[in-house]
Amino acid sequence: MNSRQKIRSVHALAPFALAVALALPGTSVAAGKAPKDQPATPAFFSGRPDTAAFRATEDAELRAAQSALDRMLAVKGKRTILNTLIPYNEVQLHTDNAAYGSSLLEAVHPDSAFRALAEQHTQRATKFSDDLSLNRAVYDALSQVDVSKADASTRYFHEKTLRDFRLAGVDRDEATRAAVSKLLEELTKTSQDFDRNIRQDSRTIQVDGPSALAGLPDDFIKAHPPGPDGKITLSIEYPDLVPVTRYAKNDDVRRRLMRESQNRAYPANMAVLDSLIAKRYRLAQMLGHPTWADYITQDKMIESAANAEDFIQRLRETTFKRAQDEYAVYLKRKQEDDPAATQVNRWEMSYYGRLIRMRDYDFDPQQARAYFPFERVKQGVLDATATMFGLTYKRVPDAAVWDPNVEVYEVYEGPKMLGRFFLDLHPRPGKYNHAAKFTIHQGVRGIQIPEHALVCNFPGGKPGDPGLMEHSDVETFFHEFGHLVHAILGGQGAWEPVAGTSTQRDFVEAPSQMLEEWCWNPKVLQTFARHYQTGEPIPTELVTKMRKADAFGRSIQISAQAFYSAVSLNIYNRPPTQVNTDAVVTTLEPRFSPVPTMPDTHMQTAFGHLDGYSAVYYTYMWSLVIAKDMFSRFDRNNLLDPTVARRYRDTVLAPGGSRPAKALVHEFLERDYDFKAFDEWLAGKG
Ligand SMILES: [Zn+2]
């Protein structure tokens with residue numbers, strides 16, 4: 001996931017330096033020099049909440065944004081790139097710095113009072129940003145700038161900015177703009193309610209002693225000792241949920257834990273989601289669009305809600321029949337245990353999936369886990385990407401961070417520092433409980449380096465626990481790191497709003513999903529995946545089996561993604577009076593998935609993407625089509641070879657959002673992308 005959420009910063013910069021840097025397109029003021037844009041790690045990241053420093057930083061950013069805005073609007077006479085577009089870029093940069101910083105801290109800070117404070121700052125920065133998007137004077141000023149002689153990325157930035165203003169409703173009458181502004185303010189809070197309810201509802205179940213954990217790996221059982229009352233507590237967070245649903249023999253333990261997981265944030269988020277849907281619909285209507293889905297898709301690669309619907313339908317057609325065939329295999333296997341069984345339930349899928357893969361593919365994920373202790377995997381991800389992209393990562397020792405478990409790294413290419421990243425990789429109460437890259441700073445050449453954080457929930461991080469990861473965790477790690485390198489390598493340009501991962505939303509999951517491929521490759525895996533006890537590298541044979549086993553159940557998996565995409569689209573592509581989210585889920589699920597809906601659950605209340613991605617969850621599958629095609633250009637026998645990676649870096653990652661995604665992909669592939677590689681992969685090839 002690439003978090004929509006915005007984040008903060010410390011680095012208040014001299015407006016003059018920005019103007020100079022940007023006034024000289026093609027030259028890099030910072031190049032070669034030790035950049036002054038290397039702020040010390042911000043004090044408020046400290047585990048001890050330093051609210052004063054946080055407030056001061058946030059205030060400074062918004063003051064800098066306001067001052068750039070005033071300067072821009074005060075210009076008399078001819079509008080130019082130097083006197084208008086450059087200060088506008090500065091306004092955006094400071095506003096985003098404020099919003100990114102607070103959004104990160106509301107999701108990760110260990111102190112709940114600090115998280116609440118951060119929420120307030122997010123509201124304020126978002127309001128500043130929303131008001132800016134409706135400011136007619138700013139729009140008029142930008143419209144008057146002649147960019148015809150500027151470079152291509154400046155022309156695109158200018159064109160895109162004006163279009164974004166029109167999409168936001170800047171050209172509507174004053175009454176409409178006032179109503180839009182009020183609605184946006186309410187929406188920010190509704191979004192925060194939705195996200196907070198998910199974050200804070202970390203449920204547990206109690207089971208009766210170690211016998212309830214039969215089937216689970218020994219290290220898991222060891223890490224879950226009974227309490228004084230003899231009961232064992234299991235959490236719905238990934239490090240418990242994934243192994244329990246996969247290995248536990250006790251059907252009731254799996255069912256109970258999954259039931260809680262599928263009811264996270266229920267009932268609290270039922271009304272919040274309804275409110276989110278209703279407000280977004282109202283906003284779309286105010287801005288002259290039939291529905292929110294129509295509104296939100298028009299600047300995406302897919303261009304319209306109707307095209308999104310067609311795409312989801314295409315996914316259904318290519319997967320449904322195969323998913324039914326796969327499901328029949330599951331049922332047959334279950335009937336060996338229970339001859340009277342007529343269906344395989346959701347909480348049984350992972351368990352029977354494993355048994356089938358063991359029997360038919362001779363693959364046991366538990367065997368693979370032993371090769372994925374957390375620390376080795378982390379080093380492996382770092383080393384693989386460093387080799388591919390010609391980078392060096394340097395750990396910053398003793399950096400002040402928001403939690404003692406967070407690690408900080410600087411990214412270098414030769415002597416030049418390109419960016420900095422933060423790794424916050426283990427669960428903690430109240431912390432964001434999915435996996436995402438959060439922005440801290442978008443990089444702007446000569447002004448500020450890109451700074452980003454990976455927030456995940458992997459095993460490990462506790463003394464004595466090797467943190468053995470499921471291969472799916474390893475995949476998530478590579479995925480999120482794909483966002484990170486995109487953000488850092490794409491954060492070296494001139495214009496903040498189109499830096500790094502600020503590309504078209506339905507392209508943003510392509511670089512991340514493509515990097516997942518690296519953790520399926522035996523040669524790459526053998527660089528880091530070593531047995532946690534013997535140190536022996538993962539055998540090629542085991543990887544081969546793992547790959548074959550992975551192809552089984554693929555259609556069920558993709559049909560589930562198509563189902564999620566359909567839920568996301570169908571709650572937003574009609575008037576809210578026609579939307580009952582429970583009914584949408586229960587009606588759509590059987591159309592896409594052979595697995596019966598789990599009774600008395602409400603997955604939509606914890607489906608965080610319904611806020612962040614709203615109607616465009618199809619993005620993952622759309623990006624996957626492109627990822628599979630791009631991957632076809634790499635040499636599978638030598639994935640760490642820097643040659644193709646370098647070209648990919650230059651053509652796709654480095655431009656960030658400064659060109660339409662389709663053009664970037666075309667340049668890398670030397671043709672338009674197509675469905676061929678994706679369809680082959682779906683068919684079990686590749
Ligand atoms: Zn992602």
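**Close-up views of helix packing and a domain contact**

**View 1. Helices α17 and α18 cross in a right-handed manner.** A crossing counts as right-handed if the near helix is turned clockwise from the far one by less than a right angle, and as left-handed if anticlockwise. Helices (H or I, at least four residues) are DSSP runs numbered from the N terminus. Welcome to this predicted model, in which local features need pLDDT of at least 70 and side-chain atom pairs count only at pLDDT 80 or more, while totals for chains, interfaces and linings use all residues. Residues are numbered from 1 along each chain as its sequence is written.

Helix α17 spans residues 471–489 and helix α18 residues 509–516; their axes lie 7 Å apart, at an angle of about 135°. Axes here are lines fitted to C-alpha atoms, for helices over the stretch in contact, and angles run from 0 to 180 degrees between N-to-C directions. The two helices are therefore oblique to each other (under 35 degrees is roughly parallel, over 145 roughly antiparallel, 65 to 115 roughly perpendicular, and the rest oblique). On the α17 side, look for E475, F478, H479, E480, F481, G482, H483 and H486, which meet P511, S512, Q513, M514, L515 and E516 of α18. Contact means C-beta atoms, placed from the backbone, within 7 Å. Five of the residues in this contact are nonpolar, six polar and three charged (Ala, Val, Leu, Ile, Met, Phe, Trp, Tyr, Cys and Pro count as nonpolar, Asp, Glu, Lys and Arg as charged, and the others, Gly among them, as polar).

**View 2. Helices α7 and α11 pass each other in a left-handed crossing.** Here helix α7 (residues 174–200) and helix α11 (residues 268–286) have axes that come within 9 Å and cross at roughly 155°. This pair is therefore roughly antiparallel. From α7, the residues in contact include L183, L187 and F194, and among their counterparts in α11 are V272, L276 and L283. The contact holds 11 nonpolar, six polar and four charged residues.

**View 3. Domain 2 touches domain 3.** Domain 2 covers 201–261, and domain 3 is made of 268–370 + 553–617; such bounds come from an automatic or database domain assignment. The C-alpha centres of these domains are 25 Å apart. Nine residues of domain 2 contact 10 residues of domain 3. On the domain 2 side, α9 (238–247) and α10 (251–261) each supply at least two residues. The largest share, five residues, belongs to α10. By class, this side has three nonpolar, one polar and five charged residues.

Notes
Contact = placed C-beta atoms within 7 Å.
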